[in-house]
Amino acid sequence: MPGVGARNLPNILVTGTPGTGKSTLCQQLAEAHGLQWIEVGRLAKESGCLEEYDEEYQCPVLNEDKILDIMEDMLSEGGKIVDYHGCDFFPERWFDIVFVLRTDNTLLHDRLTNRGYTGKKLEDNIQCEIFQTILEEARESYKEEIVHELPSNSPEEMESNVDRIGLWLLNWKQDNGV
Ligand code: DAT
């Protein structure tokens with residue numbers, strides 16, 4: 001059976017609170033498997049999808065309609081690994097599997113402090129992880145069976161996540177005759 005929308009390769013969504021390791025994981029997977037890594041934050045910046053600065057949340061507001069238009073053609077090809085700290089505004093049909101990275105609060109606090117986050121921005125992101133906001137968002141937005149929580153506390157867990165997703169990709173290719 002061909003994949004959803006007859007894609008030749010699947011699309012993978014990697015989501016989670018900032019600092020949980022999305023970029024690190026996606027970069028390794030892209031290099032190992034020839035997937036195209038789409039960093040939504042970077043793409044939004046480069047393609048003029050960031051609007052006025054939100055003083056409260058200390059980040060620019062994303063024009064969701066505009067970025068979705070830009071991503072549509074890319075995603076319909078398949079073979080993409082999408083990296084973003086949110087997941088509820090993407091069309092459900094885009095993704096074959098969704099991974100939500102999770103990190104212990106104290107470790108995350110250190111990672112975000114090293115990144116220069118302070119004050120409300122730092123506290124909001126830690127709260128986001130404590131309340132598993134992104135995991136809930138993913139479970140509400142996609143079929144439960146395609147949403148997987150992955151611990152991302154140590155280099156060993158990162159390696160195991162890379163291996164696990166690589167194996168899933170191999171199985172997908174076999175199942176779809178690629
Ligand atoms: P994100 O893209 O989710 O914001 P990142 O990949 O930039 O996160 O990682 C943030 C920092 O934390 C970076 O210095 C790498 C480190 N890191 C990420 N995942 C890790 C892990 N599983 N073990 C150890 N360090 C990790």
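**Close-up views of the ligand and its pocket**

**Figure 1. Classes of residue around the ligand.** The shell around the ligand is made up of three nonpolar, nine polar and three charged residues. The structure shown is a predicted model. The shell counts 15 residues, and those that come nearest to the ligand are Gly19, Lys22, Ser23, Thr24 and Arg115.

**Figure 2. Helices in the shell around the ligand.** At least two shell residues come from each of α1 (22–33) and α7 (155–175). With three residues, α1 gives the largest share of the shell.

Figure 3. A side-chain N or O atom of Ser23 is 2.7 Å from an oxygen atom of the ligand. For Arg115, a polar side-chain atom also lies 2.7 Å from a ligand oxygen.

**Figure 4. The largest pocket.** This pocket is where the ligand sits, and it holds about 1,300 Å³ of space. Its lining consists of 43 residues; Pro18, Cys59, Tyr84, His85 and Tyr117 lie nearest the centre. By class, 17 of the lining residues are nonpolar, 13 are polar and 13 are charged.

**Figure 5. Helices and strands lining the largest pocket.** Helices that each supply at least two lining residues are α1, α2 (40–46), α5 (119–130), α6 (133–141) and α7. The largest share of the lining, five residues, belongs to α2.

Terms used:
Residues are numbered from 1 along each chain as its sequence is written. This is a predicted model: local features need pLDDT of at least 70, side-chain atom pairs count only at pLDDT 80 or more; totals for chains, interfaces and linings use all residues. Side-chain values use heavy atoms; hydrogens and water are left out. A residue is near a molecule or strand if one of its heavy atoms lies within 4 Å of it. A polar contact is a pair of N or O atoms within 3.5 Å; within protein, one must be able to donate a hydrogen and the other to accept it, and residues adjacent in sequence count only if both atoms are side-chain atoms. On a 1 Å grid over the protein atoms alone, a cavity is a set of points where a 1.4 Å probe fits but cannot get out, and a pocket is an open set with protein on both sides within 12 Å along at least five of seven lines; lining residues have an atom within 4 Å of a point. A molecule sits in a cavity or pocket if more than half of its atoms lie within 2 Å of its grid points. Helices (H or I, at least four residues) and strands (E, at least two) are DSSP runs, numbered from the N terminus. Ala, Val, Leu, Ile, Met, Phe, Trp, Tyr, Cys and Pro count as nonpolar, Asp, Glu, Lys and Arg as charged, and the others, Gly among them, as polar. Grid points are joined across faces, edges and corners, and a volume is the space filled by probe spheres set on the points.
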